[in-house]
Amino acid sequence: MDDDLQPIAPFTFELTAPVEPPPRKRRTALIVSLAVGVPLLAAAGVFAFLLLSGAFADREPPQLTATQAGRIQDEVAEREDLLAQLDDKRSEFRTAMLQWDQSVSWAEDAHGPADQPTVAVANPGGDALPGDDPTGRAFLDSIGATDVSVVFDAGPDNCGYYGNGGQSDFVYAGGCFRGDYANTLYMAWDSGAEDLVWSIFVHEAMHWFQAEKYAQATYLADFAGIDEAAYDDKWEADASCRAVYVYGISIDEYVDSSSPCTIDGWYEGWISDYLTSLGADLAEPDPTAYELAETSRP
Ligand SMILES: [Zn+2]
């Protein structure tokens, strides 16, 4: 039978139901609305809250309790006190620096005039020191006092010689170092007092040394309100002790003098330490010492 011989239908693909597009657009719309809408809603909410809470209204002055007001007043007072303390410290530092500069300048000027004073009264002992250094030149040069010279004067400018007003049955020897003639050593002695002359001369030369090295310390002591009378005997002892400890003069030479060496264990700088012990501040002012509180430095 030919009935079985049916033409084969052309092969076709089966058409299936159309695939639903993925709900991407809708989801995107939802995400966009969430991404934009929620923040907008949130912002609107915040705005509404701020509006309701009066954030945009004119501010009322804060109502403080008495305790709060008191604390603010205390704080203001404390700050004012701090400013006053800062002013005081600043002024103290400026004063200290001015005094320091002044003391440096005065010490530089303390060398005295180069010219020699005229002799008022001739020295009874003559115009030459006993020994082999008749003008003291070799000794003065050896200690650096090259501009200093001896004047043989028994007049009133020689503050250490009492021969003109003393008792006639004594012989005197005396010398003087004066700030107004810092390049001059005054010397005078009576005949018969020659043995005392050299130790007195060295003592006076030590005063020149003190003036060279410690004049600034005395000015700073003066600024600290320390009267010269408070350390005059130590100043004298310091000169004699330098002669003893550094230049080998026998300590016995000064025992009966007006300036005995009474500083046991004398050392260079002893006199400035003594002035410090009296309250003088001999160091250049350090600004950090005038700080109210330690600063924090990186
Ligand atoms: Zn003296």
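**Contacts and overall make-up**

I began with the contacts in the protein: among those with a separation of 6 or more, 70% join residues 24 or more positions apart. I note that the model I am reading is a predicted one. I then looked up burial, and 23% of the 298 residues of the protein count as buried.

For the secondary structure I recorded 7 helices and 3 strands. Reading from the N terminus, I wrote the order of the elements as α-α-α-β-β-β-α-α-α-α.

**The sheet**

I next asked in which order the strands of the sheet lie. The sheet is open, has 3 strands in the order β1-β3-β2, and shows mixed pairing. I identified β1 (149-152) and β2 (173-178) as the edge strands, each of which pairs on one side only.

**β2 and β3**

I turned to the hairpin that β2 and β3 form, and found 2 residues between the two strands. The strand β3 covers residues 181-189, and its pairing with β2 is antiparallel, over 6 bridges. I looked up two of the bridge partners by residue. Cysteine 176 has tyrosine 186 in β3 as its bridge partner. For phenylalanine 177, the bridge partner in β3 is leucine 185.

I then asked why β2 is described as largely enclosed by the rest of the structure. The burial count settles the point: 5 of the 6 residues of β2 are buried, so the strand is largely enclosed. For this count I took a residue as buried if 20 or more other C-beta atoms lie within 10 Å of its own.

**Helix α4 against the sheet**

I looked up what lies across this pair of strands, and found helix α4 (residues 194-223) across β2 and β3. I noted that α4 runs at about 10° to β2.

**Helix α2**

My last entry concerns helix α2, which spans residues 66-109 and has 44 residues. I compared its reach with expectation: from the first C-alpha to the last, α2 extends 64 Å, close to the 64 Å expected at 1.5 Å a residue. I then asked how many of the 44 residues of α2 are buried. The count is 2, and I therefore recorded α2 as hardly covered, under the burial cut-off of 20 or more other C-beta atoms within 10 Å.

Terms used. Residues are numbered from 1 along each chain as its sequence is written. This is a predicted model: local features need pLDDT of at least 70, side-chain atom pairs count only at pLDDT 80 or more; totals for chains, interfaces and linings use all residues. Two strands pair if DSSP finds at least two bridges between them. Helices (H or I, at least four residues) and strands (E, at least two) are DSSP runs, numbered from the N terminus. Two residues are in contact if their C-beta atoms, placed from the backbone, lie within 7 Å. Axes are lines fitted to C-alpha atoms, for helices over the stretch in contact, and angles run from 0 to 180 degrees between N-to-C directions. The expected span of a helix is 1.5 Å times one less than its number of residues. A residue is buried if 20 or more other C-beta atoms lie within 10 Å of its own, exposed if 12 or fewer, and partly exposed in between; C-beta atoms are placed from the backbone.
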